[in-house]
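Subject: Structure handover and notes

Hi,

Here is the structure I promised to pass along. My notes follow below it, so please have a look at both when you get a moment.

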Amino acid sequence: MLLWTRKAREASLLAVNPAAGAARDIELGKLECSVGSDKSNDLVIPDGSVSRQHALIRLHRGKWQVIDRESSNGTFVGDRKATDEWISLRDGQEVRFGGARFVFRSGKAPGVRTTSGLPVRRRGSILRAIIVLVAVGLVIGFAATQYFIYRSYQRQEALSHNATPPKP
């Protein structure tokens, strides 16, 4: 099992809408996010050019990828259409879902919200804590075992020095 660094997992989409005054940064809070206009998606885009189940974005082998889910208006990475195969995303690339434009950003962006609206749980940090606790437990167990073996050895030595030799 490979553990990806936190930085590789953190990514966001910056919504680029010329009509709006400010851009909006949306964190990809899951390893696989569904994109579409339907409220059941992880990333809901309320735009008439976006299909209900438009696309999927996933983290696969340390790289973020996107694929179209047979949408009406297509999914594009730059000028390349994402149809039958996953397309890898690079930091700063434009991603379009129908007429909705985004810029893909890898790494943590300041002030982003998650796709689920809830804080993202970091599985890597929990796994690291468990590994550290197991390692500390093993070291303490080894030290205690060595201590008790040494004490047992000392008792046997004391008994053998105090024992009188057998009489003939």
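Is R80 buried, partly exposed or exposed? R80 counts as partly exposed, because its relative accessibility is 45% (buried means under 20% relative accessible area, exposed over 50%, and partly exposed lies in between, with a 1.4 Å probe and protein chains only).

Before the rest, some housekeeping. This is a predicted model, in which local features need pLDDT of at least 70 and side-chain atom pairs count only at pLDDT 80 or more, while totals for chains, interfaces and linings use all residues. Residues are numbered from 1 along each chain as its sequence is written, and side-chain values use heavy atoms, with hydrogens and water left out.

**Overall layout**

The protein has 2 helices and 12 strands (DSSP runs numbered from the N terminus: H or I of at least four residues for helices, E of at least two for strands). Along the sequence, the order is α-β-β-β-β-β-β-β-β-β-β-β-β-α. Of the 168 residues, 32% are buried. Taking contacts (heavy atoms within 4.5 Å) between residues at least 6 apart in sequence, 44% join residues at least 24 apart. The accessible surface is about 11500 Å², and carbon and sulfur atoms account for 56% of that surface (Shrake-Rupley method with a 1.4 Å probe; for residues, only the protein chains shown count as cover).

**Salt bridges**

Side chains of opposite charge can pair when their charged atoms come close. With a salt bridge taken as a side-chain nitrogen of Lys or Arg within 4 Å of a carboxyl oxygen of Asp or Glu, the count comes to 4.

Back to R80: its side chain meets that of E85 in a salt bridge, at 2.8 Å from N to O. E85 is partly exposed too, with a relative accessible area of 47%.

K30 pairs with D42, and their closest N and O atoms are 2.9 Å apart. This pair links distant parts of the chain: K30 sits in the loop between strand 2 (24-27) and strand 3 (32-36), and D42 in the loop between strand 3 and strand 4 (43-44), 12 residues apart. K30 is partly exposed at 39% relative accessibility, whereas D42 is buried at 18%.

E94 and R96 form a salt bridge at 3.6 Å, N to O. Salt bridges with shared partners bring E94, R96 and R101 into one network. E94 has a relative accessible area of 27%, so E94 counts as partly exposed; R96, at 22%, is also partly exposed.

**Two buried residues**

S34 is in strand 3 and counts as buried, at 12% relative accessibility. Its side chain makes a polar contact of 3.3 Å with that of N41 (a pair of N or O atoms within 3.5 Å; within protein, one must be able to donate a hydrogen and the other to accept it, and residues adjacent in sequence count only if both atoms are side-chain atoms). Setting aside neighbours within four places in sequence, the contacts of S34 include D42, A55 and R69.

F104 belongs to strand 11 (residues 100-106) and is buried, at 1% relative accessibility. Beyond residues up to four places away in sequence, F104 touches several others, among them L13, L28, W64 and V95. R90 is on that contact list as well, and the C-alpha atoms of F104 and R90 are 7.0 Å apart.

Best wishes
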